[in-house]
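Hi,

Here is the structure I promised to pass on. Could you load it and have a look before you read the rest?

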Amino acid sequence: MDMVMKLGAQSPVVIFSSSTCCMSHTIETLIRNFGANPTIYELDRLQNGRELEKALIELGCQPSFPAVFIGNELVGGSNEIMSLNIRGKLKQLLIRANAIWV
């Protein structure tokens, strides 16, 4: 779990994903459309990917990806990100995390 938290704090936006997950791609595209440049960890391509996936599950991510950290905090998965976007709060969160500028 510590490794996931460390990786999640290395950039204003960090996405743990799978290279074959369409929702991971959708969330990445949504965040990039705001002008952010997220750090992406594709767990199926990392040697310690299974270990990181287990840690994400322990943190409450179900399913384990996409798991999105914004401003060093675990925001959640695709449902949480889409909900924030629909309510108009995702952009504000990205601005506060210094992931984008107005």
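Below is what turned up, starting with the sheet and ending with the aromatic rings.

One thing to keep in mind: this is a predicted model.

**The sheet**

There is an open sheet of four strands, in the order β2-β1-β3-β4 and with mixed pairing. If you want the edges, look at β2 and β4 (73-76), each of which pairs on one side only. Ignoring direction, neighbouring strands in this sheet are turned by 25 degrees against each other on average.

Strands β1 and β2 run parallel, and four bridges join them.

**The helices on it**

Helix α2 (residues 22-33) lies across β1, β2 and β3, and runs at about 165 degrees to β1. Helix α4 (residues 78-86) lies across β3 and β4, with an angle of about 85 degrees to β4.

**The aromatic rings**

This is the part I thought you'd enjoy. How many aromatic pairs does the structure hold? The count is two.

Take F16 and Y41 to begin with: their ring centres are 5.4 Å apart and the planes make an angle of 20 degrees, a stacked pair. Planes under 30 degrees apart count as stacked, hence the label. F16 sits in strand β1 (residues 13-17) and Y41 in strand β2 (residues 39-42), so this pair ties together parts that are 25 residues apart in sequence. Both F16 and Y41 are buried.

The other pair is F16 with F69. Here the centres are 5.8 Å apart and the planes stand at 70 degrees, so the pair is edge-to-face; the cut-off for that label is over 60 degrees. This pair also links distant parts of the chain, with F16 in strand β1 and F69 in strand β3 (residues 67-70), 53 residues apart.

Are F16 and F69 buried or exposed? F16 has a relative accessible area of 0% and is buried. F69 counts as buried too, at 0% relative accessibility.

Cheers

How values were computed:
Residues numbered from 1 in each chain as written. Predicted model: local features only at pLDDT ≥ 70, side-chain atom pairs only at ≥ 80, totals over all residues. Heavy atoms only, no water. Phe/Tyr/Trp six-rings, centres within 6.5 Å; stacked < 30°, edge-to-face > 60°. Helix = DSSP H or I, 4+ residues; strand = E, 2+ residues; numbered from the N terminus. Buried < 20%, exposed > 50% of the residue type's maximum accessible area, 1.4 Å probe, protein only. Pairing = 2+ DSSP bridges. Axes fitted to C-alpha atoms, helices over the stretch in contact; angles between N-to-C directions. Contact = heavy atoms within 4.5 Å.
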